[in-house]
Amino acid sequence: MSGDFSGIDLALVVEARKAMRNAYAPYSRFAVGAAVELDNGTIVRGCNFENASYGLSLCAEAVALATVNTHGGFKRIRAIAVAGGPIGASPDLPSAIVTPCGRCRQLIREARDVGGADIRIVCTGAHGDQFQTFDIDTLLPHAFGPANLA
Ligand code: THU
């Protein structure tokens with residue numbers, strides 16, 4: 001494996017990969033799983049959830065973050081792992097890491113702002129064999145956020 005991983009983040013990637021298996025992605029045939037870790041160790045998963053009306057599709061990260069919020073944990077997020085790749089891709093093919101889309105970056109940014117602590121964003125590909133960890137200010141510089149509305 002390559003990348004900057006603690007043992008805890010490795011476990012989080014395993015959870016994201018488990019979530020990937022439940023992706024409902026018959027249109028893109030691209031499965032994404034996300035796993036959010038809270039400050040008390042709780043892990044909440046999400047996967048992408050597509051629709052025949054394509055624009056309604058939900059990203060894995062958005063599903064996971066909204067679920068965390070439903071359980072009252074939105075201010076307690078410390079890390080999110082993202083795993084994704086083409087459904088049925090051959091393990092022999094290289095798998096690029098999946099980073100959150102622009103909308104999901106904005107959602108993570110909000111979580112970081114209201115939580116007041118850094119959120120590790122751990123990105124991996126279809127096989128989980130390579131990964132990279134980012135912070136939100138790297139992925140979404142000069143962002144709009146709650147402070148703009150204060
Ligand atoms: N997708 C995610 O779930 N998260 C991302 O950050 C990138 C894209 C999903 C949306 C769609 O179901 C599929 O991947 C292809 O774009």
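**Figure 1. His-142 in the loop between H4 and H5.** In this predicted model, His-142 occupies the loop that lies between H4 and helix H5 (146-149). The residue has a positive phi of about 55°, although it is not a glycine. Most residues other than glycine have a negative phi. His-142 is exposed, with a relative accessible area of 84%.

**Figure 2. Arg-29 in the loop between H1 and S1.** Arg-29 is placed in the loop between H1 and S1. Its phi is near 55°, a positive value in a residue other than glycine. With a relative accessibility of 46%, Arg-29 counts as partly exposed.

**Figure 3. The largest nonpolar core.** This core has 24 residues, of which Val-36, Ile-77, Ile-80, Ile-108, Ile-119 and Ile-121 touch the most other members. Two or more residues each come from strand S1 (30-38), helix H2 (60-70), strand S3 (77-86), helix H3 (102-115), strand S4 (120-124) and helix H4 (136-139). A second, separate core consists of twelve residues, including Met-20, Ala-23, Ala-35 and Ala-81. In soluble globular proteins, nonpolar side chains tend to be buried together.

**Figure 4. The surroundings of Ile-108.** Ile-108 is one of the residues that touch the most other members of the largest nonpolar core. When residues up to four places away in sequence are not counted, Ile-108 touches Leu-65, Ile-80, Pro-100, Ile-119, Ile-121 and Ile-136.

**Figure 5. The crossing of helices H2 and H3.** The axes of H2 and H3 come within 9 Å and cross at roughly 25°. Angles under 35 degrees count as roughly parallel, and H2 and H3 are therefore roughly parallel to each other. Their crossing is left-handed. H2 contributes Glu-61, Ala-62 and Leu-65 to the contact, while H3 contributes Arg-103, Cys-104, Leu-107 and Ile-108. By class, this contact of H2 with H3 has five nonpolar, no polar and two charged residues.

**Figure 6. The buried residues of helix H2 and the residue Gly-72.** Ala-60, Glu-61, Ala-62, Ala-64, Leu-65 and Val-68 are buried in H2. The packing partners of the buried residues of H2 are S1, strand S2 (43-47), S3 and H3. Just after H2, Gly-72 takes a positive phi of about 85°.

**Figure 7. Arg-109 of helix H3.** Arg-109 belongs to helix H3. This arginine is buried, with a relative accessible area of 15%. Leaving aside neighbours within four places in sequence, its contacts are Ile-136, Asp-137, Leu-140, Ala-143, Phe-144, Gly-145 and Pro-146.

**Figure 8. Leu-139 of helix H4.** Leu-139 lies in helix H4 and counts as buried at 11% relative accessibility. Apart from neighbours within four places in sequence, Leu-139 is in contact with Pro-100, Arg-105, Ile-121 and Phe-134. Leu-139 and Arg-105 are 34 residues apart along the chain, and their C-alpha atoms are separated by 7.0 Å.

**Figure 9. Glu-15 of helix H1.** Glu-15 is found in helix H1 (residues 7-20). Its relative accessible area is 17%, so Glu-15 is buried, the cut-off being under 20%. With neighbours within four places in sequence left aside, Glu-15 is in contact with Ala-35, Ile-43 and Arg-45.

Notes: Residues are numbered from 1 along each chain as its sequence is written. This is a predicted model: local features need pLDDT of at least 70, side-chain atom pairs count only at pLDDT 80 or more; totals for chains, interfaces and linings use all residues. Side-chain values use heavy atoms; hydrogens and water are left out. A nonpolar core is a set of buried Ala, Val, Leu, Ile, Met, Phe, Trp, Tyr and Cys residues joined through side-chain atoms within 4.5 Å. Buried means under 20% relative accessible area, exposed over 50%, partly exposed in between (1.4 Å probe, protein chains only). Helices (H or I, at least four residues) and strands (E, at least two) are DSSP runs, numbered from the N terminus. Contact means heavy atoms within 4.5 Å. Axes are lines fitted to C-alpha atoms, for helices over the stretch in contact, and angles run from 0 to 180 degrees between N-to-C directions. Angles under 35 degrees count as roughly parallel, over 145 as roughly antiparallel, 65 to 115 as roughly perpendicular and the rest as oblique. A crossing is left-handed if the near helix is turned anticlockwise from the far one by less than a right angle, and right-handed if clockwise. Ala, Val, Leu, Ile, Met, Phe, Trp, Tyr, Cys and Pro count as nonpolar, Asp, Glu, Lys and Arg as charged, and the others, Gly among them, as polar.
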